[in-house]
Number of protein chains: 2
Amino acid sequence: MDIVDPGELPIAGVRRERADAAANRERILRAATRVLARRGAEGTSIDAVAAEAGVGKGTIFRRFGDRSGLFQALLDEHLRAFQDAFMFGPPPLGPAAPAPDRLAAFLDGLLDLLDDRLELMLALARDGRFQPPLAGYLALSVHVASLITEIRPTLDAPVTAQLLLNAVNVNLVRYLRRDAGVSLATIKASLRPLIAGLAPSD
Amino acid sequence: MDIVDPGELPIAGVRRERADAAANRERILRAATRVLARRGAEGTSIDAVAAEAGVGKGTIFRRFGDRSGLFQALLDEHLRAFQDAFMFGPPPLGPAAPAPDRLAAFLDGLLDLLDDRLELMLALARDGRFQPPLAGYLALSVHVASLITEIRPTLDAPVTAQLLLNAVNVNLVRYLRRDAGVSLATIKASLRPLIAGLAPSD
DNA sequence: CAGTCAAGCGGACCGGCGGTCCGGTTTGGC
DNA sequence: GCCAAACCGGACCGCCGGTCCGCTTGACTG
């Protein structure tokens with residue numbers, strides 16, 4: 001995506017996205033959302049999205065590169081608000097709260113997001129491209145790592161952060177919520193003891 | 001797999017597997033192991049395994065039902081020894097040790113197994129069939145849940161067990177080991193604080 | 001306003017995959 | 001040695017992600 005935001009004025013050397021292209025991008029993203037809702041992650045092929053958007057599949061690949069690029073773009077929309085909240089927002093998510101509270105609030109928020117956008121996250125998870133080094137997830141894991149450093153500096157923060165983030169894996173959430181009938185509150189509560197172990201034993 | 005173990009005597013009403021079929025099953029499993037090693041999880045198609053085994057692909061589907069059935073069978077071989085060890089073996093894995101030690105030893109052992117059979121586990125993970133409710137994994141999660149109950153009975157043991165098991169997700173291990181260059185010892189060590197949080201705060 | 005051309009578009013096409021099917025072959029009990 | 005049941009192989013199917021290329025269209029220029 002080396003194209004400047006269409007809302008900005010043209011910049012020397014950078015061409016603006018054509019109006020029809022921008023419109024199509026929007027239609028495609030909306031169509032993808034609808035297909036995800038209707039057919040689920042498993043049934044959401046590029047052909048299906050293209051048909052729903054009334055667009056050739058070539059157009060989708062031109063815009064988003066490949067399958068996971070499409071879902072990345074969709075995820076970014078939802079992730080942005082969350083990122084703002086934990087980086088600049090009010091406590092307990094934002095920087096005014098103590099680190100342990102922030103970590104708990106962060107995981108709660110992430111679980112809410114996962115629960116809300118399950119099919120999208122599953123679609124992303126399908127091609128292994130998602131998870132650990134996922135572009136959008138990178139910011140999250142950096143944030144968690146910094147919180148962990150704050151809580152107990154002697155830990156290996158990056159690795160611990162990955163372990164924690166993986167505990168709330170998409171597939172697990174789907175299974176617990178859908179097949180095992182576990183409530184979100186239960187999952188959140190069960191996560192607490194794990195993060196409690198991070199605090200210095202004193 | 002409703003066919004009796006070929007080593008046993010025939011039982012009334014249950015037909016023994018034919019000799020050639022048994023031989024083929026073994027050839028297929030061996031071939032799958034070789035292909036996994038040579039081409040990795042991503043490059044291990046059923047066609048490739050069939051070719052390597054010198055067998056038609058129909059034979060594979062007859063034997064193992066579908067793609068993941070093949071890898072399940074392969075996993076079972078490796079899982080059995082581990083199961084024996086934590087159910088009947090010596091401490092710290094076996095029942096003679098205190099529950100917290102057993103849990104730590106269990107996770108260490110699981111990580112060793114993951115590291116050792118990475119490609120196989122990745123192949124299993126590819127079709128979502130793996131993970132949470134994976135047939136072979138079920139026994140593991142039951143075991144972890146029982147240890148957790150022993151450690152702190154007030155926890156929601158099944159959910160906590162799943163969270164813990166997911167923290168050592170296959171994809172994460174691959175990423176940490178292969179791309180991030182993290183040692184197995186580091187991963188094990190980073191897991192300790194998390195399970196430490198399970199112990200009653202007293 | 002007309003001309004120009006890069007950008008954008010669509011859908012036929014490709015290779016590869018998991019899975020099915022069925023005509024021919026093999027096995028093993030009698 | 002006979003025969004039915006079990007087994008086998010690989011052609012075949014539908015689907016999917018991704019590519020390609022001839023045609024269309026938007027937007028800048030004079």
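Tutor: Let us begin with the surface near DNA strand D, which by class has five nonpolar, six polar and 12 charged residues. Here Ala, Val, Leu, Ile, Met, Phe, Trp, Tyr, Cys and Pro count as nonpolar, Asp, Glu, Lys and Arg as charged, and the others, Gly among them, as polar. A residue is near a strand if its C-beta atom, placed from the backbone, lies within 6 Å of it. Please keep in mind that this is a predicted model, in which local features need pLDDT of at least 70 and side-chain atom pairs count only at pLDDT 80 or more, while totals for chains, interfaces and linings use all residues. Residues are numbered from 1 along each chain as its sequence is written, and chains are lettered from A and ligands numbered from 1 in the order in which they are written.

Student: Which residues are the closest to DNA strand D, and which elements give two or more residues to that surface?

Tutor: The closest of the 23 residues that surround DNA strand D are Ala19(A), Ser45(A), Arg67(A), Gly56(B) and Gly58(B). Two or more residues each come from H1, helix H2 (46–53) and H3 of chain A, and from H1 and H3 of chain B, with H3(B) giving the largest share, four residues. Helices (H or I, at least four residues) and strands (E, at least two) are DSSP runs, numbered from the N terminus.

Student: What comes nearest to DNA strand C?

Tutor: Gly56(A), Gly58(A), Ala19(B), Ser45(B) and Gly58(B) come nearest, out of 23 residues around DNA strand C.

Student: How are the two protein copies, chain A and chain B, related?

Tutor: One superposes the copies by least squares on the C-alpha atoms of residues with pLDDT of at least 70 in both. In this model, a rotation of 180° with 0.0 Å of shift along its axis brings chain B onto chain A, with an RMSD of 0.0 Å. The two copies are thus related as by a two-fold rotation axis, and Gly197(B) is the residue of chain B that comes closest to that axis, at 1.7 Å (C-alpha).

Student: How many residues of chain B are in contact with chain A?

Tutor: Two residues are in contact if their C-beta atoms, placed from the backbone, lie within 7 Å, and 29 residues of chain B are in contact with 29 residues of chain A. H10(B) gives the most to the side of chain B that touches chain A, with eight residues, and that side divides into 17 nonpolar, 10 polar and two charged residues. Because 100% of the interface residues of chain B are also interface residues in chain A, the copies meet through the same surface.

Student: How does chain A score in pLDDT?

Tutor: The pLDDT is the predictor's confidence in each residue, from 0 to 100; chain A averages 89, and 88% of the residues score at least 70. Over residues 1–13 of chain A, however, pLDDT stays under 50.
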